[in-house]
Amino acid sequence: MKADVLLGLQWGDEGKGKIVDVLTPQYDIVARFQGGPNAGHTIEFENKKFILHTIPSGIFNPDTINVIGNGVIIDPFIFKKEINNLRTHNIKIDNNLLISEKAHLILPTHRLLDAAYEAEKGEAKIGSTLKGIGPTYTDKTSRNGLRIGNINRHDFQKAYNELKEKHLRILSSYDFDYKNNQIEGLSLEEYEAQWFDALKTINQIQHINSEYFINQSLDSGKSLLAEGAQGTMLDIDFGTYPYVTSSNTVTAGVCTGLGIPPTKVGEVFGIFKAYCTRVGSGPFPTELDNAEGQMLRDEGNEYGSTTGRPRRCGWLDLTALRYSIMLNGVTGLFMTKADVFNKFETIKVGIKYRKKSEQIDFVPFEASYEKLIPVFDEIKGWNSDISHVTDAGKMPDALDSYINYIQSKTGVPIKMVSVGADRKQVIKL
Ligand code: GDP
Ligand code: IMO
Ligand code: MG
């Protein structure tokens, strides 16, 4: 079998968790391939709501194996909280969750470094989730990191101490009071104690060589869905650098983050919101800094799943969407949060950018630095409640037209439209 991929085409929070949960019954394995607890993936069913940060969104189907791949980075403290929450709700996690022994660990001092780097940047800060993502991937790339497989080796404490000391030396060169900086409301010493305690939870979960497990599973006919975190416009190479995350969020990340060869990648499902949001700093050409933007925020409840920050809102940006489709090789689209437009009489879509006197229909290098002025198409809204529609035949004509419009502009079919947060609120096309 080939591995299918599901990932975000915008700036994250496209509703990946919800859609993975909807698709999970079709898959034997769901695997996260990059990112860490900067992710917040929301799943709602039976009036319950879960937000996952590290654990794949396939966990609510007891028959599916969930793998945290080598490309993911893990904070044991956050991981333990996730596990405990699932256990409280009687969600099965004993034999259906596996962790790659090659996944890297986020140390408490990685989080302090994240805070110090952000403070140093001042106005130019990235708006990081402060989960230690950048510093942990930096240590991975500079070959200083610690991995899950190191935890039970005899020299773990020594390796931990050495890396911590290195971090403290870096921190002491910053004009940043790291000694009084709290992590999740705790001092470094308190957080560290809980972090070490949480390694016991990590040890309750089976550590595996995930590249062998995954390739052997695919070869024996098992199906796999790779679950992306963040979104394509936050990719370290192709996003709006430097306002990006520190991993490859695109399809290529599946190959390095799970050990799946490119020849074994099957369908690529791209998730996008019917509009756009972004949390944190950085360019966002179609952003609405006005009452319409506030209406999107209110109707879409656009507040971060991980940090609670209000998300910046704006119209759909087709230039960025086509760029993401190109980079990922998207074979099928999933549009989420269509219901957020219920009260809109007209919907706008950014189709090009104006750069000085010329119009361009690609994402230029300058996208990271200069304001690109979007050129809009205007489309009639459905202006009615679609949150109970689950039958494609019962969609209002205006929604049908919006879907057709996007399909014709991207050349990719929309396979499903999501009209609410609950797993049942989907229209299959
Ligand atoms: P992810 O990071 O891509 O998994 O997305 P998040 O969970 O961070 O953010 C998506 C938010 O929208 C969550 O609160 C979801 O419960 C919610 N959501 C997902 N799909 C829909 C939808 O179709 N309509 C509405 N109104 N909310 C949705
Ligand atoms: P999910 O998986 C939205 C953003 C941060 C910041 C930038 C860098 O839920 O879609 P980092 O903590 O990675 O150093 O932050 O990336 N960011 C996200 N925005 N959804 C996410 O994940 C994000 N993960 C990181 O807000 O702008
Ligand atoms: Mg999210």
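A: Begin with the idea of a polar contact: a pair of N or O atoms within 3.5 Å. Keep in mind that this is a predicted model.

Q: Which atom of Ser128 lies 3.3 Å from an oxygen atom of ligand 2?

A: A polar atom in the side chain of Ser128 is at that distance from the ligand 2 oxygen. The backbone can take part as well: a polar backbone atom of Gly127 is 3.3 Å from an oxygen atom of ligand 2. For Thr245, an N or O atom in the side chain is 2.6 Å from an oxygen atom of ligand 2.

Q: How much of the accessible area of ligand 2 does the protein cover?

A: Ligand 2 on its own has 550 Å² of accessible area, and the protein covers 97% of that.

Q: Where does ligand 2 sit?

A: Ligand 2 is in the largest pocket.

Q: How many residues surround ligand 2, and which are the closest?

A: A residue is counted if one of its heavy atoms lies within 4 Å. Here 21 residues surround ligand 2, and the closest are Asp13, Lys16, His41, Thr129 and Thr245. By type, the shell around ligand 2 has 10 polar, eight nonpolar and three charged residues.

How values were computed. Residues numbered from 1 in each chain as written. Chains lettered and ligands numbered in written order. Predicted model: local features only at pLDDT ≥ 70, side-chain atom pairs only at ≥ 80, totals over all residues. Heavy atoms only, no water. Polar contact = N/O pair within 3.5 Å; in protein donor to acceptor, adjacent residues only side chain to side chain. Areas by Shrake-Rupley, 256 points an atom, 1.4 Å probe, with all protein chains shown as cover. 1 Å grid on protein atoms, 1.4 Å probe; cavity = no way out; pocket = protein on both sides within 12 Å on 5 of 7 lines; lining within 4 Å. Sits in = over half its atoms within 2 Å of the grid points. Nonpolar A, V, L, I, M, F, W, Y, C, P; charged D, E, K, R; others polar.
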